[in-house]
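Keep the viewer open as you read.

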Amino acid sequence: MCRKKMIFFTFHLKRVLCLFLFFTVFLLSTCFAFMTYSDEESCKGGKLAIVIDDFGLQREGVAQMLGLECKLTVAIMPFLEHTEDDAEDALENGKEVIIHVPMQASYHDPSGYLGPRPIRVTDTEETIKKWVDDAVLELPEAKGANIHMGTLCSSKEYIMQPLLEALNGYNHYFVDSKTSGKSVCREVAGEIGISFYENHVFLEHEQKNKQYVKKCLTKAMEIAQKRGQCIAIGHVGHEGGRITVQAIHEMLPAFHENNIELVFVSELRPLDENK
């Protein structure tokens, strides 16, 4: 009788031990998989293109911005005193150059508000295409273009159509700075087939202090991690200048730690390729 009890006890003890080992292995495997997934998520990076507007005229922070040891896309306004010098210095410092296109923002823009030769809603198709020809002649280094101001113009298809057609003829890409919620740029770009991008974050939109700019750069980093890529726009001159330079410089370690690669706009996927 005792022998039978012992055999019965031994049999069930083995079953319990087997079940214990099974669940132990299962729990360890689950924990390991979760830890691996968490590590992968924390290491998930992305590409961030920082565009800096207002080169050509504004001077505050220009030298410091070009001296940053990272990839930046430099938007230079044509037909200005420092246009050609800024383009040359940008290339020497390993930056990408694009044309910063001054465009009418409202029906009540102050005189001189947009700089020389801005594109206006009263311009003809021929005038706009001639503007692009002259701008490319002045900035042959340019790979693309974006908007300066332009809230009104970017909402007008009859303005954006000839502009994007002319830029596409030079194999330039176009970045909609998104200064208007009524922008038609994306639809027009899709019809024309130009490589097209949109801004996600303005770095100095509400405040012009270093902590705010760093907060916006962090937001851009998070968008890049979530979507794979992001464009952020900052400025030289009174809109940002040295404050924006300092913020970008101080964020470089965070970009590295979070596997965020700073790239030129031309290294991102155009929107039509993200569908």
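## Ground rules

This is a predicted model, in which local features need pLDDT of at least 70 and side-chain atom pairs count only at pLDDT 80 or more, while totals for chains, interfaces and linings use all residues. Residues are numbered from 1 along each chain as its sequence is written, and side-chain values use heavy atoms, with hydrogens and water left out.

## The chain as a whole

The chain comes to eight helices and nine strands. Helices (H or I, at least four residues) and strands (E, at least two) are DSSP runs, numbered from the N terminus. Of the 275 residues, 45% are buried; buried means under 20% relative accessible area, exposed over 50%, and partly exposed in between, with a 1.4 Å probe and protein chains only.

Among contacts (heavy atoms within 4.5 Å) with a separation of 6 or more, 75% join residues 24 or more positions apart.

## The nonpolar cores

A nonpolar core is a set of buried Ala, Val, Leu, Ile, Met, Phe, Trp, Tyr and Cys residues joined through side-chain atoms within 4.5 Å. The largest one here has 67 residues, and M160, L163 and F174 have the most contacts inside it. Helix α7 (residues 210–227) gives this core its largest share, eight residues. Another core, of 12 residues, lies apart from it and includes A75, Y173, V265 and L268.

Not counting residues up to four places away in sequence, F174 touches residues including M160, L163, L167, C185 and F196.

How many residues of strand β8 (residues 229–235) are buried? The count is seven of its seven residues. Q229, I231, I233 and H235 point one way, C230, A232 and G234 point the other way, and all are buried.

Strands count as paired if DSSP finds at least two bridges between them. Strand β1 (residues 46–55) pairs with β8 in the parallel sense over seven bridges, and A49 stands opposite I231. Strand β7 (residues 201–202) also pairs with β8 in the parallel sense, over two bridges, with V201 and A232 as bridge partners. β7, α7 and β8 make a right-handed β-α-β unit: with the strands pointing away from the viewer, the path from the first strand over the helix to the second runs clockwise.

## Helix α4

Helix α4 has 14 residues, and its buried ones are I128, W131, V132, D134, A135 and V136. Their cover includes β3 and α5 (157–169).

## Two loop residues

Q104 is found in the loop between β3 (96–103) and α4 (125–138). Is Q104 buried or exposed? Q104 counts as buried because its relative accessibility is 7%. Beyond its neighbours within four places in sequence, Q104 is in contact with residues including D109, R120, T151 and C153.

L57 sits in the loop between β1 and α2 (62–67), and counts as partly exposed because its relative accessibility is 44%. Leaving aside neighbours within four places in sequence, L57 is in contact with L80 and H82. L57 and I76 are 19 residues apart in sequence and 8.5 Å apart in space, C-alpha to C-alpha.

How values were computed: Expected span 1.5 Å × (residues − 1).
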